[in-house]
There are 4 protein chains.
Amino acid sequence: MAGSTFGSLFKITTWGESHGAALGVVVDGCPAGLALCEVDIQTFLDRRKPGATKFATQRKEADSVEILSGIFEGKTTGTPISMLIRNTSQRSADYSEIASYYRPGHADYTFDQKYGFRDYRGGGRSSGRETIGRVAAGAIAAKALAQLGISVTAYTYAIGDITINMEHFDLNEARTNHTGMPDREANEKAAAYLQECMKNLDSAGGVVACSVKNLPAGIGEPVFGKLDANLAKAIMSIGAVKAFEIGDGTAAAKSNGSINNDCFRMKDGAVTKTTNHAGGVLGGISDGSELLLKAYFKPTPSIFQEQETVNQNGENITVQIKGRHDPIIVPRAVVVVEAMTAVTIFDMLLQNMTAQMTHLQHFYKK
Amino acid sequence: MAGSTFGSLFKITTWGESHGAALGVVVDGCPAGLALCEVDIQTFLDRRKPGATKFATQRKEADSVEILSGIFEGKTTGTPISMLIRNTSQRSADYSEIASYYRPGHADYTFDQKYGFRDYRGGGRSSGRETIGRVAAGAIAAKALAQLGISVTAYTYAIGDITINMEHFDLNEARTNHTGMPDREANEKAAAYLQECMKNLDSAGGVVACSVKNLPAGIGEPVFGKLDANLAKAIMSIGAVKAFEIGDGTAAAKSNGSINNDCFRMKDGAVTKTTNHAGGVLGGISDGSELLLKAYFKPTPSIFQEQETVNQNGENITVQIKGRHDPIIVPRAVVVVEAMTAVTIFDMLLQNMTAQMTHLQHFYKK
Amino acid sequence: MAGSTFGSLFKITTWGESHGAALGVVVDGCPAGLALCEVDIQTFLDRRKPGATKFATQRKEADSVEILSGIFEGKTTGTPISMLIRNTSQRSADYSEIASYYRPGHADYTFDQKYGFRDYRGGGRSSGRETIGRVAAGAIAAKALAQLGISVTAYTYAIGDITINMEHFDLNEARTNHTGMPDREANEKAAAYLQECMKNLDSAGGVVACSVKNLPAGIGEPVFGKLDANLAKAIMSIGAVKAFEIGDGTAAAKSNGSINNDCFRMKDGAVTKTTNHAGGVLGGISDGSELLLKAYFKPTPSIFQEQETVNQNGENITVQIKGRHDPIIVPRAVVVVEAMTAVTIFDMLLQNMTAQMTHLQHFYKK
Amino acid sequence: MAGSTFGSLFKITTWGESHGAALGVVVDGCPAGLALCEVDIQTFLDRRKPGATKFATQRKEADSVEILSGIFEGKTTGTPISMLIRNTSQRSADYSEIASYYRPGHADYTFDQKYGFRDYRGGGRSSGRETIGRVAAGAIAAKALAQLGISVTAYTYAIGDITINMEHFDLNEARTNHTGMPDREANEKAAAYLQECMKNLDSAGGVVACSVKNLPAGIGEPVFGKLDANLAKAIMSIGAVKAFEIGDGTAAAKSNGSINNDCFRMKDGAVTKTTNHAGGVLGGISDGSELLLKAYFKPTPSIFQEQETVNQNGENITVQIKGRHDPIIVPRAVVVVEAMTAVTIFDMLLQNMTAQMTHLQHFYKK
C-alpha cells in the first residue's frame with residue numbers, strides 16, 4: 001500500500017532510491033503566494049549533504065535541487081510543487097556483494113520478506129538518502145512558518161553518553177561544528193568519542209532535540225489528530241529513530257502530578273505557564289508555550305567490524321561491510337528532524353483554520 | 001478538522017464526551033466472517049472500567065456495550081460495526097466550578113483557545129473516558145489477530161521508580177492485581193508507593209509495555225507508513241502519554257552499532273535474530289521477532305493539592321480540584337495501549353496483502 | 001476496506017442496516033459554535049420518512065433522531081456529533097424467503113460475491129434506509145451553509161418521460177405534493193403515470209435536480225479535488241443513481257464552443273456570466289454563479305411482477321417479490337441529494353480556507 | 001488544500017503546468033514484481049500526444065517519459081514510481097496577452113478568485129496537459145490489470161450529433177483514424193462535421209465510452225466507496241467532462257423496473273445476467289458482467305471567434321483567442337478516460353482483497 005505520502009492539507013509525497021536516477025518530493029496544498037526559489041530549498045539540503053561533516057560518509061553528492069512546477073513569477077501558485085534531486089555519485093559496484101545477504105540492523109531482510117525481492121543498491125528506498133525529499137519539503141514549510149513568525153530549530157542534544165548543557169546553548173556553534181551540538185564543550189567530548197568509535201570500526205547513536213517557538217495556542221486536533229501524535233509519527237518515520245518524547249517525555253513517568261503539572265499564571269495580560277514540563281502541548285493541542293520534542297537515533301547499522309548474518313540461500317555467514325558510511329547518523333539527521341517538525345506543524349496550522357463557525361463567517365462574509 | 005478517525009483499511013471513528021449521553025465507536029473495514037458478540041467487547045471494556053482497581057476513581061460506570069450494526073447471525077458482515085456505551089454516572093454538578101478556570105495539566109485552556117468554548121463537564125472530549133471507543137475497537141482487532149495466531153499483550157512496566165523484573169514475569173498476576181504489574185514483588189512496592197502518593201494528595205506516572213507475538217515478517221510500509229511510526233501515533237494519541245519507544249528505545253541512542261545490531265542466524269530452517277534490540281522492526285517493517293513497545297504516562301493531572309492557575313476572567317487564582325480521580329492512569333491504560341496496538345497492527349496486516357503482484361494473481365485467478 | 005466515510009475536513013461516517021437495531025452517522029470536523037438541536041435534524045429526516053407520500057412504502061418508521069455527542073449548551077463543540085435512529089418497524093419475516101435467491105436489480109448477488117454471505121433482511125446495508133445517516137449529516141451541513149448565506153435546494157426534475165417546466169417553478173408545490181415536482185401540472189401527470197406503473201406491478205425512474213445559490217467563487221481544488229468531481233462521487237454513491245450531470249451535462253457534448261461558452265460581463269461592479277451552461281463550475285472551481293446538478297435514478301428494482309433469477313444453489317427460478325416497496329425512489333431521494341450536496345459543498349468551503357498565504361497571515365496575526 | 005492525489009492503495013499524485021519545466025506523476029502503492037519499462041508508458045502517452053490527429057493542436061511535443069524511481073531490474077519494487085515528462089514546445093509569448101483577461105469557458109477567473117493570481121501560460125495547471133500524469137499512471141494500472149486478465153478499452157462514442165453504431169464496432173478503426181470512433185462510417189461523418197466547425201472558427205463536444213471486460217464480481221465498497229461513485233469522481237475530474245453515466249445512465253430514469261432489471265440466469269454453471277442495463281455494477285459492486293461507462297465532454301472552450309469577456313481591471317472587452325488549440329477534446333481524451341478507469345479499477349481490486357477473514361487466514365497461514 002501507498003506509504004510515501006504524509007500530511008492532510010499540506011501533503012508531501014516523496015520518492016526515490018539511494019542509487020536510482022534521482023530522488024524527489026511533490027508538495028501539494030502549499031498556500032499560494034509564498035515567495036520561493038531554489039536557494040530556499042538548497043540551503044536546507046546542504047545541511048544534510050554527505051561530506052558536510054567529518055563524521056559523515058565522504059561520498060560526494062551535489063544534491064542540487066530543481067523545482068519543476070508550482071512556482072510562477074517567484075511565488076507558489078497553490079498547485080503541486082515538484083522537486084527533483086539527481087543522484088550523481090552512484091557506485092553501485094560497492095553494493096553488488098550485499099545483494100546476496102542481509103545486513104544486520106538494515107531493512108534488507110524485511111524488504112525481501114515484504115516484496116519478494118529488493119533494490120539492494122545502497123539500501124534502495126530504505127536508505128538515508130530517502131530523507132532528501134523530506135528536507136526539501138521541510139524547507140518550504142519552514143519558510144511559510146517563518147512568515148507567520150514561527151521558528152523551528154533542531155540540534156544535536158546528545159551523542160552516546162555526552163549530553164549538552166542547556167546553559168551553554170549556542171546555536172551558531174551547532175551550525176558550524178561537526179556534531180551539531182550547540183555547546184562547544186560537549187561538541188569536543190563527542191568528537192573525541194566518535195573518533196574512538198571510528199577507530200574501533202564501530203558506530204554511535206544520539207539524540208536530536210527540536211524546539212518550536214511562537215506557536216499559537218490551539219493547534220492540534222483532539223483524539224487521533226493530536227499535535228504530539230502527529231509529530232510522533234513524523235519523527236518515528238525517520239529511519240533509525242527508536243524513541244520519541246514530548247516535553248519531559250520518559251521522565252514524566254517518574255514524576256508526580258504536583259511537580260509535573262505546569263501552573264497557569266497571568267503575565268503581561270496573557271495566560272502563561274510557570275513551567276513547561278508538558279513541552280507545549282496539553283490534550284494534544286498547543287498551549288502557546290515553546291514546543292519541545294526529542295528523537296532518539298540508534299547507532300548507524302553499517303559498521304566495519306565483522307558480523308554474523310545469513311544469506312539468501314539460508315546459510316549462516318560472516319560479513320564485513322564495505323563502502324562509505326557515517327559513523328553516526330545524528331549530525332546529518334538534525335535538519336531532517338527540523339524538516340519533519342516543520343511539515344507537521346504547518347499542516348496542523350492549516351487544519352486549525354476551520355475550528356470555529358466564526359472563522360468561516362469572517363472568511364466568507366466578503 | 002476531523003481528528004477522531006484512525007486507520008486506513010481497518011478504520012475506527014470514536015465519539016463521545018465524559019458527561020454526554022453516551023460514547024462509542026464505528027469500526028469500518030472489518031473483514032466479513034469474524035465471529036463476534038457483545039461479550040468479546042465487554043471483556044475488554046471491563047478491564048478499563050472505573051472502580052476495577054483501588055487506584056482508580058470510585059465512580060461506578062457499568063460501561064455496557066451495545067452493538068448496533070455490522071453483525072449478522074453472529075458474524076461480522078464487512079459493513080460498519082457501531083458500538084454504543086451509555087453514560088450512567090454523570091454527576092455534572094461536580095464540574096460546574098471548573099467551568100470558570102483552567103485546571104493545570106488538563107486541556108481546558110487549549111480547548112478554549114481552539115474552539116472558543118468547551119464542554120467542561122469532566123473534561124468533555126479530552127476526558128480519559130474517550131478511550132472507551134478505542135478499547136471497544138481494539139477488542140475486535142485483537143480477536144481477528146488471535147484468529148491469525150497473533151497475540152497482543154500489554155502490562156504495567158513501571159510505576160514511578162519501580163520497574164518490573166522480567167524474570168518474574170507472570171501475566172496472571174498482572175491481570176488480577178491493582179497495578180497491572182506482572183511481577184508480584186514490584187506490584188507490592190508500587191502499591192505502597194501509590195498509597196503514599198494518595199496520602200500526599202498527589203499522583204504518579206508510569207510505563208505500559210506491549211508485546212506482539214507471532215507477527216509475520218513484512219508488515220509495515222516504507223517511509224511514512226512504517227509500522228513503528230503508525231504505532232507511535234496510535235500510542236501518543238492516548239491522553240497523558242509523553243514518550244514512545246520501540247525495542248531498546250532511548251537506550252539505543254547510547255549504544256554502539258556492534259552491540260545494537262541484531263545478528264541474523266538460521267534456526268530450524270528459519271531466519272531468526274540472536275538478539276532483539278530493534279524490538280521487532282527493521283526499516284519500519286516487522287522482522288518476524290517479538291514486537292516490543294513502551295508508552296510513558298505522566299501523572300494524573302487532577303490532584304487534590306492546592307494549585308495555582310488562572311480563570312477565564314484572566315485572574316490569578318488558587319484552586320483545589322474535587323471530584324473522583326485516579327491517583328495513577330497506568331493500570332486502567334494497559335488495555336488502552338493493548339487496544340491501540342491491536343488496531344494498528346491489524347490495519348497494517350490488511351495493508352500488506354497487496355504488496356506483491358503474485359498475491360493479486362493468486363487471489364484473482366479463481 | 002472501509003467505504004462508509006465521506007469528506008476530508010467535514011467528515012461523515014454512516015452505519016447501520018435496514019433491519020438492524022439502528023442506523024446512524026458520526027459527523028466529525030463540524031466547526032464549533034453552530035447552534036444545533038434535534039429539531040434541525042428531524043426536519044430533514046421527516047422529508048425522507050417512509051409513508052410521507054403515497055408513492056412510498058407504507059411501512060411506518062418514526063425515524064426519530066437522538067444526538068449523542070458533540071453538542072453542549074445548544075452549540076456544536078467541534079468534536080464528533082454522533083446521531084442515532086432506532087429501527088422500529090422491522091418485519092424481518094417478510095425477507096426470510098429472499099435469503100435463498102438473488103433479487104434482480106439488487107445487490108444481493110454482489111454482496112454475496114464480495115463478503116461470502118449477506119444480511120438479507122431488507123437488503124441490509126445496501127438498503128435505501130442507509131441514506132438516513134446521510135440525511136442527518138446533510139441537515140448539519142445545510143444549517144452551517146445557511147449561516148454563510150448559501151442555500152441548497154433539491155427537487156424532482158423528471159419522472160419517466162414527464163419533465164418539469166422551469167417557468168412554472170414553485171418550490172412550495174414540490175414540498176407539499178407526492179412527487180416532489182415544483183410544477184403542479186407536471187406533478188399531476190407524473191402522479192397519473194405512477195398510478196399506472198403501480199397498477200402494472202411495475203416501477204418508474206426519474207431525475208432529481210439540485211441548485212446551490214450564493215456559493216462564492218473559488219470553491220473546489222484543481223485536478224482530482226474538483227468541486228464537480230466530488231459532487232459526482234457524492235451523488236453517484238446514492239443507491240440507484242446511474243448518471244450525474246453538472247450544468248448542461250450530456251447536452252454540452254452536442255453543443256458548440258460558441259454557444260456553450262458562458263461570456264463574462266461586468267454587472268453592478270461584479271464579474272458575472274451572461275449564461276450558465278457550465279452550471280457554476282469552471283475548471284472544477286465555483287465561478288460564483290448558481291451551481292446546478294442532476295441525479296438520474298433507475299426505477300425501483302423491487303417490483304411485484306414475476307421475474308426470473310437464480311438461487312444460491314445455482315438453480316434458475318421464478319420469483320415474485322413481496323413486502324412493502326416504493327414504486328419510485330425519486331420523491332424520497334430529493335432530500336438525500338440535497339444532503340449529499342450540502343455535505344460536499346460545506347467540506348470544500350472548509351478546504352478552500354487555506355488557499356492563500358495571505359489568509360494564514362490574516363488568521364494567525366492575532 | 002491538496003487536490004492532486006487520487007486513490008487509496010494504488011495512489012497517484014500528479015503535478016505540472018502547461019508551460020512549466022515539466023509534468024509528471026508519482027505512483028505509490030503499485031505491487032512489487034510487475035515488469036515495467038518506459039515503452040509501456042510511452043505507448044499510452046503517444047495516444048494523447050498533440051499532433052497525433054488532425055483535429056488536435058499542431059503544437060509538437062515529444063512527451064517522452066523518464067522513469068526516475070521504483071523500478072529495479074525491469075520490475076516494480078513496491079516503492080513509488082516517479083515519472084517525468086519535460087515540456088519542450090513552450091511558446092509562452094502566445095499567452096502573454098491572456099494574462100490580462102478571463103477566457104470564457106476556461107478556469108482563468110476561478111483560479112484568480114481562489115489563489116489571488118494564476119500561472120496564465122497556457123492555463124497553467126488547468127491545462128489539458130495536466131492529464132499527462134494521469135495517462136502515465138494509467139499505463140501502469142492497465143498493464144497490471146492485463147496480467148489479471150482484465151482489459152480496459154475506451155473509444156469515441158459520439159461527436160456532436162453523430163453516434164457510433166455498435167454493430168459496426170471495430171477497435172482497430174478507432175485506434176487509427178482521427179476521431180477515435182470504432183465505426184468507419186461514423187468517423188467519416190464526424191470528420192466532416194469537425195471540418196465544418198473549424199471553418200466556422202468553432203469547436204465541438206462529444207462522448208467517450210469505456211468498457212472493462214473480465215472484471216470479477218465483488219469489486220467496490222458499499223455506501224461511499226461504490227465502484228461507480230469512484231469512477232464518477234475519476235472521470236468527472238478530467239477537465240471538460242460535464243456528465244458521467246454507468247450502464248444505461250440517463251436512459252434508466254425513463255425506464256421501468258420490469259425492463260431495467262437485469263435477470264439472473266445460470267449459464268455454463270455460472271451466474272450470469274440476461275441483459276446489462278446496470279452496466280456491470282449492482283449496489284456499487286461489480287457483478288461480473290461488462291462494466292460500461294460514458295464521459296460527456298463539452299466543446300473546447302478556446303475558439304477563434306470573437307467573444308465577450310472582462311479583464312482584470314473589471315472592464316468589458318471583446319477578445320479573439322490565438323495560439324494552437326484542438327477543435328475537439330474527445331479524440332485525445334479517449335486514452336485519458338481509459339487511464340482514469342484503469343487507475344480506479346486497479347485501486348479497488350486491491351481494496352477488495354481484505355473483504356473476508358478467510359482471505360486473511362489463507363494469506364497469513366504460510
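## Symmetry of the copies

Superposition here is by least squares on the C-alpha atoms of residues with pLDDT of at least 70 in both copies. This is a predicted model, in which local features need pLDDT of at least 70 and side-chain atom pairs count only at pLDDT 80 or more, while totals for chains, interfaces and linings use all residues. Residues are numbered from 1 along each chain as its sequence is written, chains are lettered from A in the order in which they are written, and side-chain values use heavy atoms, with hydrogens and water left out.

Now for chains A and C: chain A can be laid on chain C by a turn of 180° and a shift of 0.0 Å along the axis, with an RMSD of 0.0 Å. That is the relation of a two-fold axis. Within chain A, the residue that comes closest to this rotation axis is M353(A), with its C-alpha at 3.6 Å.

## Where chains B and A meet

Let's look at the B–A interface. In chain B, 105 residues are in contact (heavy atoms within 4.5 Å) with 105 residues of chain A. Together the two chains bury about 8300 Å², 59% of it on carbon and sulfur atoms; buried area is the accessible area (1.4 Å probe) that two parts lose on being put together, summed over both. On the chain B side, M1(B), K114(B) and F224(B) lose the most area to chain A, together 11% of what that side buries.

The copies meet through the same surface, because 100% of the interface residues of chain B are also interface residues in chain A. For chains A and C, too, 100% of the interface residues of chain A are interface residues in chain C, so those copies meet through the same surface.

## Bridges and strands across the interface

Between chain B and chain A there are 5 salt bridges, each a side-chain nitrogen of Lys or Arg within 4 Å of a carboxyl oxygen of Asp or Glu. One of them joins K254(B) to D161(A), at 4.0 Å from N to O.

Strands are DSSP runs (E, at least two residues) numbered from the N terminus, and two of them pair if DSSP finds at least two bridges between them. E245(A) has A243(B) as its bridge partner in β11(B).

Technical notes: Helices (H or I, at least four residues) and strands (E, at least two) are DSSP runs, numbered from the N terminus.
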